[in-house]
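Me: Hey, I've got a protein model open and I'd like to go through it piece by piece. Can you help me out?

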Amino acid sequence: METQELHRGRLIDHIQLVVKDLAASRKFYEAVFAELNIPMGGSGEDFFWADELFISTPDSEAAQGELSGRHHLAFQAKDRAMVEAFHRAALKNGGRDNGAPGLRPYHPGYYGAFVLDPDGNNIEAVYHGEAQRSAPSVKVTF
């Protein structure tokens with residue numbers, strides 16, 4: 001087995017979205033992940049993944065024949081420019097606007113943008129403002 005490297009945060013180990021059109025979803029997510037500096041992890045005939053997010057067709061073994069329904073996922077951005085680039089890339093690659101980049105009232109400095117992916121999931125990129133991190137991520141190698 002080849003060595004794999006993941007970068008983990010807190011709470012969520014992984015999320016699976018089961019989608020109707022894998023090609024449309026892959027085009028969308030590859031574009032927004034490129035703007036967020038998130039590398040694709042791998043793919044197969046009926047799935048692809050990046051870090052904690054696994055996306056598959058209903059025919060994949062893990063999906064058990066069911067679509068996953070509508071979800072809200074928020075991806076971290078390193079600055080406002082990255083939020084804006086995410087929004088532009090999403091709209092150019094099959095996403096629909098669900099909230100242009102801007103400040104939100106959730107807490108001071110919260111800057112986010114919202115789009116709907118090809119399956120109607122509410123996908124967000126958020127920059128929480130200036131902050132210090134103890135590390136960029138938790139690195140797990142196995």
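What follows is a chat about a helix, its aromatic neighbours and a few other spots.

Me: Before we start, what kind of model is this?
Reply: This is a predicted model.

Me: Ok, helix α1. Which residues does it cover, and how many Å does it reach?
Reply: Helix α1 runs over residues 22-35, which is 14 residues. From its first C-alpha to its last it reaches 20 Å, close to the 20 Å expected at 1.5 Å a residue.

Me: What caps its N-terminal end?
Reply: D21 does that for α1. A side-chain oxygen of D21 lies 3.2 Å from the backbone nitrogen of A23.

Me: And which residues of α1 are buried?
Reply: L22, S25, F28, Y29, A31, V32 and F33.

Me: What about charges, how many salt bridges does a search of the whole structure find?
Reply: The search turns up 1 salt bridge. E30 forms a salt bridge with R26, and the closest N and O atoms are 2.7 Å apart.

Me: Where do those two sit?
Reply: Both E30 and R26 are in helix α1. They're 4 residues apart, about one turn of the helix.

Me: Are E30 and R26 buried, exposed or partly exposed?
Reply: E30 is partly exposed, with a relative accessible area of 33%. R26 counts as partly exposed too, at 27% relative accessibility.

Me: Switching to rings. How many aromatic pairs are there?
Reply: The count comes to 6 aromatic pairs. One of them is F28 with Y29: the ring centres are 4.8 Å apart and the planes sit at 85°, so this pair is edge-to-face.

Me: Are Y29 and F48 buried or exposed?
Reply: Y29 is buried, with a relative accessible area of 0%. F48 is buried as well, with a relative accessible area of 1%.

Me: Which residues form the aromatic cluster?
Reply: F28, Y29, F33, F48 and F75 form one aromatic cluster.

Me: Ok, loops now. What's up with the phi of N37?
Reply: N37 has a positive phi of about 60° although it isn't a glycine.

Me: Is N37 buried or exposed?
Reply: N37 counts as exposed, at 56% relative accessibility.

Me: What is the phi of D51?
Reply: Phi of D51 is near 45°, a positive value in a residue other than glycine. D51 is in the loop between β4 and β5 (53-56).

Me: And how exposed is D51?
Reply: D51 is partly exposed, with a relative accessible area of 23%.

Me: Last one: which residues form the nonpolar patch on the surface?
Reply: V138, V140 and F142 form that patch, with about 250 Å² of accessible area together. F142 lies in the segment after β10 (138-141).

Me: Is F142 buried, exposed or partly exposed?
Reply: F142 counts as partly exposed, at 47% relative accessibility.

How values were computed. Residues are numbered from 1 along each chain as its sequence is written. This is a predicted model: local features need pLDDT of at least 70, side-chain atom pairs count only at pLDDT 80 or more; totals for chains, interfaces and linings use all residues. Side-chain values use heavy atoms; hydrogens and water are left out. Patches are made of residues with over 30% relative accessible area and no salt bridge: like charges are joined within 9 Å, nonpolar side chains (Val, Leu, Ile, Met, Phe, Trp, Tyr) within 5 Å. Accessible areas come from the Shrake-Rupley method with a 1.4 Å probe; for residues, only the protein chains shown count as cover. A salt bridge is a side-chain nitrogen of Lys or Arg within 4 Å of a carboxyl oxygen of Asp or Glu. Buried means under 20% relative accessible area, exposed over 50%, partly exposed in between (1.4 Å probe, protein chains only). The expected span of a helix is 1.5 Å times one less than its number of residues. A polar contact is a pair of N or O atoms within 3.5 Å; within protein, one must be able to donate a hydrogen and the other to accept it, and residues adjacent in sequence count only if both atoms are side-chain atoms. Rings of Phe, Tyr and Trp (its six-membered ring) pair if their centres lie within 6.5 Å; planes under 30 degrees apart count as stacked, over 60 as edge-to-face and the rest as tilted.
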